[in-house]
Amino acid sequence: MPGEMPGMGGGQVWVKVTVEDGTWGLGACSFGAPSASVIETVYAPLLMGRDCLATEFLNDLMWRASQRLGDAGHATVARSGVDLALWDLKGKLLDLPVYRLLGGPCRDAIELYATGDDLDWAMELGFTRFKLTNPIHYREGQEGLNRLEKKVGDAREMVGLDAELMLNAVMSYNVEYAVQVAEALRPFQMRWLEEPLIPGDLEGHIALKKAVPWMPIATGEDHHGRIAFRQLVENRCVDVLQPDLKWCGGLSEAVKIYTLGEAAGLQTIPHGGANSPFGQHFAMAMPESLMAEFWLGSDPGVPLEEVRAIPGMAVPEDGKLVPSDAPGFGMEIEEAWIEPFGSGGREYYQ
Ligand SMILES: [Mg+2]
């Protein structure tokens, strides 16, 4: 059942899966009503009455059923919510946290990087890895490049030479401009340049990687599903895979994407991983995922425990995080908070 929780994001669709004894699991996906509609009209009737622990089988049913709806769009986003709810449910039924279902912890704590431009605040919180927002668009030419060079140069000076520094371009460049950006940023030893191009431009990614082989390229939050990632991996045109667990098809799909990357020697570091319990459990259990992203969107000075997005979800401490070991994803959400989708809630998209 797709639902929402007033005050926790109207654009976010919460998905509740209930079994015969009343046990329920909760997942989430994004982009509001179209996602909710696919869950309600396509996936729910398909999964009703089936074995809830057969997560691979259920995913396969959804994947095949969604092909005509567009595997790169809402159908895959919606499948993410259902899959995450099934994992939460499985954890509750087996009384284990999801990271144990995935194979168990492979580290004591997850190392994090902070996304955002408030480097002072991120450093004060103990982060040593930083990803900056992108201030320019390819139409801004040389003037934009100069501005970017100044921003990244100042940031490098501030965080020091030992810190990892990344730039999040969010599809703002074309190939030619991305090459110019990579050249301009070469002196600043970037850990990676993220999502410089739109996801469908596979040839562009190939051309970019050939032109600037020394610049690590990360991408994937807007690539959905295993096939899009398989194409990136087999063309070796990216260095870090960044599926979003609420968009890419869920935890089951993220594990498939991870395995494609692992076999090619590539890391998978999910988009916004540390901002959701889903990404936290993934990062705890997957060896070739050496850090997780924490989008630092709250006001400086406000302790992170006070702006925790989901009750029960771990928040960073000293640039690290240990996920909840409560069953499922460990979310402390009460059933009464969940309302049928479309009945209320703030509108925003995440
Ligand atoms: Mg990004």
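Visitor: Before anything else, when does a residue count as buried, exposed or partly exposed here?
Guide: A residue is buried if 20 or more other C-beta atoms lie within 10 Å of its own, exposed if 12 or fewer, and partly exposed in between. Keep in mind that this is a predicted model.

Visitor: Where does Arg308 sit?
Guide: In the loop that runs between β11 (292-295) and β12 (320-321).

Visitor: Which residues does Arg308 touch?
Guide: Met313 and Val315, leaving out residues up to four places away in sequence.

Visitor: And how far apart are Arg308 and Asp21?
Guide: In space, 31 Å from C-alpha to C-alpha; in sequence, 287 residues.

Visitor: Switching topic. Which domains does the chain have?
Guide: The domain assignment gives domain 1 as 2-95 + 333-340 and domain 2 as 100-321. Their centres, taken over C-alpha atoms, are separated by 26 Å.

Visitor: How many residues are in contact between domain 1 and domain 2?
Guide: 20 residues of domain 1 contact 15 residues of domain 2.

Visitor: Which elements supply the domain 1 side?
Guide: β3 (24-29), α2 (55-65) and α3 (74-94) each give at least two residues to the side that touches domain 2. The largest share of that side, eleven residues, is from α3.

Visitor: What classes of residue are on that side?
Guide: Eight nonpolar, seven polar and five charged.

Visitor: What about helix α11, buried or exposed?
Guide: Nine of the nine residues of α11 (residues 277-285) are buried, so the helix is largely enclosed by the rest of the structure. Among the buried residues are Phe278, His281, Phe282 and Met284.

Visitor: What do they pack against?
Guide: The buried residues of α11 pack against α3, α4 (98-101), β4 (110-115), α10 (251-263), β11 and β12.

Visitor: Now the whole chain. How many helices and strands?
Guide: Eleven helices and 13 strands. The radius of gyration is 20 Å, close to the 20 Å from the globule rule for 350 residues, so the chain is as compact as a globular protein of that length.

Visitor: What share of the residues is buried?
Guide: 46% of the 350 residues.

Visitor: And what share of the contacts is between residues 24 or more positions apart?
Guide: 67%, counting contacts with a separation of 6 or more.

Notes: Residues are numbered from 1 along each chain as its sequence is written. This is a predicted model: local features need pLDDT of at least 70, side-chain atom pairs count only at pLDDT 80 or more; totals for chains, interfaces and linings use all residues. Domain bounds come from an automatic or database domain assignment. Two residues are in contact if their C-beta atoms, placed from the backbone, lie within 7 Å. Helices (H or I, at least four residues) and strands (E, at least two) are DSSP runs, numbered from the N terminus. Ala, Val, Leu, Ile, Met, Phe, Trp, Tyr, Cys and Pro count as nonpolar, Asp, Glu, Lys and Arg as charged, and the others, Gly among them, as polar. The radius of gyration is taken over C-alpha atoms; the globule rule is 2.2 Å times the number of residues to the power 0.38.
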